[in-house]
Structures are given as C-alpha cells and as structure tokens.
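Hello,

Here is the structure I said I would pass on. Please look through it first, then read the notes below.

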Amino acid sequence: ENPQLSSLDKTDLAFSEGSQSLYKPEPLEKALNGDVLNILKVTIFFQLSERAAMDASYVQELDGILKEARTIENHLKQKRESLKQRFTVIANTL
C-alpha cells in the first residue's frame with residue numbers, strides 16, 4: 001500500500017478492488033435530492049405560514065367592517081324610529 005495516497009484515493013482504490021466496506025457513501029444525486037426536498041418542505045411551510053397570517057389579518061379586517069356596518073345599521077334604525085315618531089306627532093296635529 002502506497003503511504004502517499006490520500007484517504008480518498010485509498011477509499012476509491014478499495015471500492016475499485018471490490019472490497020466490502022461497512023460504510024457505503026450514498027450517491028451524490030440521492031443526497032442532493034434529500035436536501036432539495038427539505039428545502040422545498042421548508043419553503044412550502046413558510047409560504048403557508050405567511051398565507052395563514054394574511055388570512056388572519058383579512059378575518060380581522062372583515063370583523064372590523066362588520067362591526068362598523070352593524071353600528072351604522074343600528075344608527076339608521078334609530079333614525080327611522082325617530083322619524084316615525086315625528087311623522088306620527090305631525091299627523092296627529094293635522
């Protein structure tokens with residue numbers, strides 16, 4: 001065995017000679033696919049989180065609009081009732 005061979009060269013030599021090793025490096029393509037899948041999962045998670053936060057803000061905004069609409073509706077009902085009473089008073093005096 002040549003002492004000048006690096007450890008990588010020795011590994012390559014061992015595999016090329018057909019020796020059995022307990023450690024078998026996984027193919028680069030498989031490792032990269034796993035990394036890409038993890039990156040995609042994280043990206044999708046963050047996008048869904050952002051959308052959920054945006055949806056929550058829309059719900060809060062709609063709640064505010066509904067409260068305002070109910071307030072206006074109650075105000076208009078009070079105005080209508082007041083006008084009704086005034087017309088009744090006017091009609092009774094005629």
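**Notes on the model**

K77 and E73 both lie in helix α2, 4 residues apart, which is about one turn of the helix. Their side chains meet in a salt bridge, with a distance of 3.8 Å from N to O. In general, side chains of opposite charge can pair when their charged atoms come close. The count of salt bridges comes to 1. Is K77 buried or exposed, or in between? K77 is partly exposed, because its relative accessible area of 43% falls between the 20% limit for buried and the 50% limit for exposed. E73 is also partly exposed, with a relative accessible area of 41%.

Please keep in mind that this is a predicted model. The protein chain has a mean pLDDT of 79, and 66% of the residues score at least 70. Over residues 4-19, pLDDT stays under 50. For that stretch the model has 8 contacts beyond four places in sequence. Where pLDDT is low, the predicted coordinates should not be read in detail.

As for the overall layout, the protein chain has 2 helices and 0 strands. Helix α2 covers residues 28-93. How many of the 94 residues count as buried? The share is 0%. The accessible surface of the protein chain comes to about 9100 Å². Carbon and sulfur atoms account for 60% of that surface.

L37 counts as partly exposed, because its relative accessibility is 49% and exposed means over 50%.

The last item concerns aromatic rings. The count of aromatic pairs comes to 1. The rings of F45 and F46 have their centres 5.7 Å apart and their planes at 65°, so the pair is edge-to-face. The cut-off behind that label is an angle of over 60 degrees. F45 is exposed, because its relative accessible area is 52% and the limit is 50%.

Regards

Technical notes: Residues numbered from 1 in each chain as written. Predicted model: local features only at pLDDT ≥ 70, side-chain atom pairs only at ≥ 80, totals over all residues. Heavy atoms only, no water. Buried < 20%, exposed > 50% of the residue type's maximum accessible area, 1.4 Å probe, protein only. Areas by Shrake-Rupley, 256 points an atom, 1.4 Å probe, with all protein chains shown as cover. pLDDT = per-residue confidence, 0-100. Contact = heavy atoms within 4.5 Å. Salt bridge = Lys/Arg side-chain N within 4 Å of Asp/Glu carboxyl O. Phe/Tyr/Trp six-rings, centres within 6.5 Å; stacked < 30°, edge-to-face > 60°.
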